Every structure is written in structure tokens, then in C-alpha cells.
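Reader: I have a model open and some labels to check. Please set each one against its definition.

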Amino acid sequence: MDLLFYGSSLRDWAAAAASAAALYLVLVGARRVLASRLARFAERTTNHVDDLAVEVVRRTRTFFLGAVAVYAGATWLALPPAPERILKAAVILAAVLQAAIWGNGVIAHVVQRQTARTPEENAASATTMNALGVLARALLWAILALLALDNLGVDITALVAGLGVGGVAVALAVQNILGDLFASLSIVLDKPFVIGDFIVVDDFAGTVEHVGLKTTRIRSLSGEQLVFSNADLLKSRVRNFNRMQERRVVFGFGVAYETPPATVAAIPGMVREIVEAQADVRFDRAHFKGYGASSLDFEVVYYTLDPDYNRYMDTQQAINLELLRRCAAAGIEFAYPTRTLYVRAAAAGAAPATDAPTPGIVRAAPAP
């Protein structure tokens with residue numbers, strides 16, 4: 001007659017222990033072989049799915065494999081209710097802890113992938129992605145803890161309800177902070193701008209220096225640092241000049257009214273030659289626009305294929321200088337503000353007014 005121990009014979013206990021030990025060794029060996037083969041396969045590919053699979057296999061802990069092996073070996077035994085509940089609780093805790101380790105590995109892999117891209121994207125999103133990784137880990141652990149308590153027989157209904165009410169109260173108290181946090185997430189994922197971009201927000205302009213969880217900091221042209229909350233920034237109209245592919249340039253000038261019509265008609269063609277002679281420029285149009293107060297007005301439109309502002313100013317300066325030389329050579333005078341005074345002579349027989357001007361036309365320039 002076999003001696004019973006916790007409801008099972010020593011033979012059953014020996015069989016259970018041998019089964020658990022054999023299964024544990026098989027699982028450990030399978031983990032090692034699978035991790036090695038997946039790692040070799042991942043080295044030959046460029047996608048990140050196999051890298052994630054390698055990370056998950058390597059993060060499979062021996063305590064979890066041991067818990068699985070013990071639980072499988074316990075099927076040989078007829079345990080009393082109390083020891084069976086203890087064994088089940090231990091296996092559940094091991095499974096929850098292993099799931100947390102797997103989830104933490106997946107989150108770490110995603111965060112590392114997002115922050116290991118180009119330097120601009122890395123600089124713009126590293127801080128926010130790391131913070132979001134921390135929040136994701138906290139949420140993961142909270143969910144797994146609730147699942148563990150529920151599987152262990154704890155009534156979590158009241159706990160979840162209390163957490164829900166508390167969460168609403170906390171959300172109302174920190175809604176501005178949460179708004180900036182989600183705005184920061186939008187900036188990181190949608191990337192309307194990155195660090196180093198020159199942007200204009202309303203009446204403010206500058207280069208993006210930092211994108212944080214709550215604020216974005218911009219270095220203005222005059223040197224001071226501008227700080228915007230992320231939520232307010234996304235509510236504004238942001239003009240990103242670094243995304244400009246080409247720059248449209250409009251400028252005008254005026255010539256004197258005394259310029260002959262034939263010369264006026266030839267000016268657009270002359271301007272076109274000047275603009276097209278510049279490098280990396282696409283000419284659009286040049287027209288005699290209209291009659292100004294003291295000039296015949298022209299309007300010119302062209303595009304610089306390089307959007308750099310200094311490059312644009314160099315091109316505009318070259319156009320202005322060449323236009324000045326060509327107009328001087330052709331005898332074309334640029335107009336400037338003038339005023340024409342018409343003086344009427346006093347009526348016959350009337351006494352002349354004191355200091356009366358001489359009859360005629362007087363042209364005064366420039367006007368004050």
C-alpha cells in the first residue's frame with residue numbers, strides 16, 4: 001500500500017516531479033534554440049517584426065517556464081482544494097509577471113525604434129516618446145494587476161468603480177496638462193514641425209529648439225526664447241518655412257510718366273531677361289500694372305527654386321542692381337514722389353495779392 005501525501009501517492013509525486021523537470025528542460029532548450037534561430041533570421045532582414053519576436057523570446061523568464069512545468073506536472077496529482085488554490089495562484093502570478101515583462105519589452109522596442117530614426121525626428125520626439133513609454137508601462141501594470149486580482153477571486157468591481165470616479169476627478173483637475181500632453185503626442189506622431197524648423201505662429205517667428213510634454217520652445221530672430229503650450233500651439237495656424245519647396249517673390253517698381261510708350265512696352269521684356277539670367281530662378285510674369293500717383297507701376301513675379309531666405313535676398317539684390325544698370329543705360333528714370341502745383345494769374349484789374357506767385361507751372365520734388 002502506497003503512502004499518501006496530500007492525497008497522492010509517492011509514485012504519483014515522483015511521476016509529477018519527473019514530468020515537471022523534463023518539461024522544464026525542454027522549454028528552456030526550446031527557448032534557447034528559438035532565440036538563436038530568430039536572431040540569425042533577423043540579421044538578414046530589415047523589418048522590425050522579427051526583431052520584436054527575438055526580444056519577446058529572450059524576455060521569457062525561467063520562473064515562468066518553471067511555473068508552466070510545475071502546473072503541467074501537477075496534473076498527475078489529486079491535490080486537496082487548499083494546495084490546488086495555492087498552486088493556481090502561484091501560476092497566475094507568474095503568468096501575469098511574465099506578461100508584464102513581455103509588454104514592457106514590446107513598449108521599449110517601439111520607443112527605441114521611434115527615437116532611433118533620423119536625428120531631427122529623434123531630437124523632436126525622444127523626450128515625449130520616453131514619457132509616453134512610462135505611461136504605457138504604468139497602464140500595462142495596472143491592467144495586469146486587475147486581471148490577476150480577478151483571477152485570484154478578488155471582487156474588483158468596486159475597485160474599478162472607485163478608480164473610475166477618481167480618474168474622472170483627476171482628469172478634471174489636470175485637464176490642461178492632459179490637453180498639452182495629448183497635443184505633444186500629436187506633434188510627435190503627425191510632425192507638423194521638428195526641431196530646427198523655422199516656423200511662424202501668429203505674429204511670432206523663430207526656430208524650434210525643444211518639443212516637450214507641456215511646452216514647445218522657439219528661439220526668435222531677435223534672440224529671446226518663446227514658450228508656447230502645446231495645446232495653444234496646435235490651435236494656431238503654424239507656417240513651417242522649412243517645408244517650403246520654392247519661394248514666390250513679388251516686387252514692383254515705377255518709372256516716370258515722361259517715359260515714352262515704346263520704352264514702357266519694352267520694360268517687361270527687359271525685366272524677363274534680367275530675371276531669367278539668375279541661377280535657380282523660374283520667371284513667372286512682368287507687367288505694366290497701372291498708373292500710380294506719380295509713376296507708371298510695374299509688377300514682377302518669379303520663383304526661387306531654393307527656398308533659403310539668404311539665397312532669395314542674394315537673387316533679389318542681383319536683379320535690382322542689373323535693373324538699375326539697364327534702366328540707366330536706356331535712359332529710363334525711376335519715379336519718386338512728386339507734386340505739381342498749378343498757379344493761376346490774378347484777374348485783370350484786380351490788385352495782386354501780397355507775395356503772389358508767378359503765373360505758370362511749378363514742379364516740386366520730392367514731396368515732404
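Author: Start with two helices. Helix α9 (residues 261–276) packs against helix α10 (residues 309–330) at about 140°, with the axes 10 Å apart. The model is predicted, so local features need pLDDT of at least 70 and side-chain atom pairs 80 or more, while totals for chains, interfaces and linings use all residues. Residues are numbered from 1 along each chain, and side-chain values use heavy atoms, without hydrogens and water.

Reader: Why is α9 called oblique to α10?

Author: Under 35 degrees is roughly parallel, over 145 roughly antiparallel, 65 to 115 roughly perpendicular, and the rest oblique. The angle is about 140°, therefore α9 is oblique to α10. The crossing of α9 and α10 is right-handed.

Reader: Which residues in α9 and α10 meet?

Author: Met270, Val271, Glu273, Ile274 and Val275 of α9 meet Ile319, Glu322, Leu323, Arg326 and Cys327 of α10 (contact: heavy atoms within 4.5 Å). By class, this α9–α10 contact has seven nonpolar, no polar and three charged residues. Cys counts as nonpolar, and Glu and Arg count as charged.

Reader: What lines the largest pocket?

Author: Its lining is Leu132, Leu135, Ala136, Ala138, Leu139, Leu181, Phe182 and Leu185. A lining residue has an atom within 4 Å of a pocket point. The largest pocket holds about 250 Å³ of space. The most come from α5, with five.

Reader: How many residues of the lining are nonpolar, polar or charged?

Author: Eight are nonpolar, with no polar and no charged residues. Ala, Leu and Phe all count as nonpolar.

How values were computed
Axes are lines fitted to C-alpha atoms, for helices over the stretch in contact, and angles run from 0 to 180 degrees between N-to-C directions. Helices (H or I, at least four residues) and strands (E, at least two) are DSSP runs, numbered from the N terminus. A crossing is left-handed if the near helix is turned anticlockwise from the far one by less than a right angle, and right-handed if clockwise. On a 1 Å grid over the protein atoms alone, a cavity is a set of points where a 1.4 Å probe fits but cannot get out, and a pocket is an open set with protein on both sides within 12 Å along at least five of seven lines; lining residues have an atom within 4 Å of a point. Grid points are joined across faces, edges and corners, and a volume is the space filled by probe spheres set on the points.
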